[in-house]
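Good morning, and thank you for making time for this presentation. Please bring up the sequence and the structure, and keep both in view as I speak.

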Amino acid sequence: MKIFSRILILLVLVTALVMLFADRLIARYVVRTVAETTGFGLTMDEFYLGVMNPVVRVKNLTLTNPASFPHDEALTVRELSLKYDRWSLLSDTIHLYDVTVDIPRVVMVRTPNGSNFEVLSKAGKKDKPAKPTPGEGKAGTPTGDRPSAPAEPSRSIRIDELNVALGAMEVRQYRADQTEPSILPIEVGMERSYSNVTNVEAVAIQIGSELALRSGISLLRQLDPALKKLNEDSKSSEKAIKNTLKELKDLLRK
């Protein structure tokens with residue numbers, strides 16, 4: 001009985017320590033994993049993981065670009081919070097009751113080699129293995145006779161309520177023939193709510209399309225003053241117009 005009581009006390013102490021330090025341990029793990037898989041830096045002021053109260057909350061998260069980009073800032077998240085069904089973590093579908101994402105500022109950095117968000121979207125994605133050609137395999141063992149490896153089960157996400165707020169966006173275009181970037185500030189002020197979300201990627205594409213449209217409108221607004229000054233300085237205005245149209249074409253192409 002003494003051994004059992006000591007084991008019980010030890011388990012209680014370990015559980016208490018895990019609950020006490022879980023937030024710090026998980027936060028460090030997340031920062032390290034993001035850096036290793038994407039090359040982006042990540043800092044946050046607060047990370048809270050509720051066990052008895054199934055809530056995850058992150059405050060003042062900052063994502064910084066890899067060293068290969070000439071500008072550090074990529075993304076600022078004022079608050080990310082979600083309420084989850086703890087039992088769904090053991091199933092094939094993770095059930096989130098409520099998700100809120102508050103992003104006051106996004107900075108797209110574009111260089112001749114690509115943009116920071118192109119790098120982020122491709123990071124961590126593994127190339128699919130090539131399909132074996134007929135007859136390929138070990139000698140004496142037909143390919144069709146070998147048992148295929150079981151496919152890893154994919155987990156889906158279901159969100160009852162998703163709320164997204166985006167304050168402002170900035171596009172910084174770096175060119176080889178220019179020492180300073182052209183900067184396009186875009187006041188977004190967008191708030192969107194979605195219900196019964198089962199495809200997060202589709203929502204992201206919808207938001208991205210709206211941002212691209214708003215970017216184009218902002219560029220056209222910049223084009224209007226250039227047109228008005230065309231008679232004052234035809235050469236400089238013509239160059240400004242061409243650069244603006246090129247930026248508009250590049251943005252809508254992404």
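This is a predicted model: local features need pLDDT of at least 70, side-chain atom pairs count only at pLDDT 80 or more; totals for chains, interfaces and linings use all residues.

Does Ser115 count as buried or exposed? Ser115 counts as buried, because its relative accessibility is 6%, and the cut-off for that class is under 20%.

Ser115 belongs to strand β5, which covers residues 114-115. Setting aside neighbours within four places in sequence, Ser115 has contacts with Phe69, Met108, Val109 and Arg110. A polar atom of the Ser115 side chain also lies 3.2 Å from the backbone nitrogen of Glu118.

I turn now to the overall architecture. The protein has four helices and seven strands. Read from the N terminus, the order of the elements is α-β-β-β-β-β-α-β-β-α-α. The protein has 254 residues, of which 31% count as buried. If we take contacts between residues at least 6 apart in sequence, 58% of them join residues at least 24 apart.

Next, the start of the chain. Helix α1 spans residues 2-38, and Asp23 is found in that helix. Asp23 counts as buried because its relative accessibility is 18%. Beyond neighbours within four places in sequence, Asp23 is in contact with Phe47, Tyr48 and Leu49. Asp23 and Gly50 are 27 residues apart in sequence, yet their C-alpha atoms are 8.8 Å apart in space.

How do β1 and β2 pair, in the parallel or the antiparallel sense? Strand β1, residues 41-49, and strand β2, residues 55-64, pair in the antiparallel sense, over eight bridges. The two strands form a hairpin with five residues between them. Within this pairing, Leu49 stands opposite Val56 in β2.

Glu46 and Arg57 form it, with their closest N and O atoms 3.5 Å apart. Glu46 lies in strand β1 and Arg57 in strand β2, so the pair ties together parts that are eleven residues apart in sequence. Glu46 is partly exposed, with a relative accessible area of 29%, and Arg57 is partly exposed as well, at 24%.

How many salt bridges does a search of the whole structure find? The search finds six. Another of them joins the side chains of Arg105 and Glu73, with a distance of 2.7 Å from N to O. Since Arg105 lies in strand β4 and Glu73 in strand β3, this pair ties together parts that are 32 residues apart in sequence. Arg105 counts as partly exposed because its relative accessible area is 28%; Glu73 counts as partly exposed at 21% relative accessibility. Salt bridges that share partners join Glu73, Arg105, Glu170 and Arg172 into one network. A further salt bridge links Arg158 with Asp160, the closest N and O atoms being 3.6 Å apart. Arg158 is partly exposed, with a relative accessible area of 36%.

Most residues other than glycine have a negative phi. Asn60, in strand β2, has a positive phi, near 50°. Asn196 has a positive phi too, near 55°, and it lies in strand β7, residues 182-197. Which of the classes, buried, partly exposed or exposed, applies to Asn60? Asn60 is partly exposed, because its relative accessible area is 38%. Asn196, in contrast, counts as exposed, at 62% relative accessibility.

My last topic is the surface. Which residues make the nonpolar surface patch of about 410 Å²? Trp87, Leu89 and Leu90 make it. Leu90 sits in the loop between β3, residues 73-84, and β4, residues 93-111. Leu90 counts as exposed because its relative accessibility is 72%, where the cut-off for that class is over 50%.

To close, I would set two residues side by side. Thank you for your attention.

How values were computed. Residues are numbered from 1 along each chain as its sequence is written. Side-chain values use heavy atoms; hydrogens and water are left out. Patches are made of residues with over 30% relative accessible area and no salt bridge: like charges are joined within 9 Å, nonpolar side chains (Val, Leu, Ile, Met, Phe, Trp, Tyr) within 5 Å. Accessible areas come from the Shrake-Rupley method with a 1.4 Å probe; for residues, only the protein chains shown count as cover. A salt bridge is a side-chain nitrogen of Lys or Arg within 4 Å of a carboxyl oxygen of Asp or Glu. Buried means under 20% relative accessible area, exposed over 50%, partly exposed in between (1.4 Å probe, protein chains only). A polar contact is a pair of N or O atoms within 3.5 Å; within protein, one must be able to donate a hydrogen and the other to accept it, and residues adjacent in sequence count only if both atoms are side-chain atoms. Contact means heavy atoms within 4.5 Å. Two strands pair if DSSP finds at least two bridges between them.
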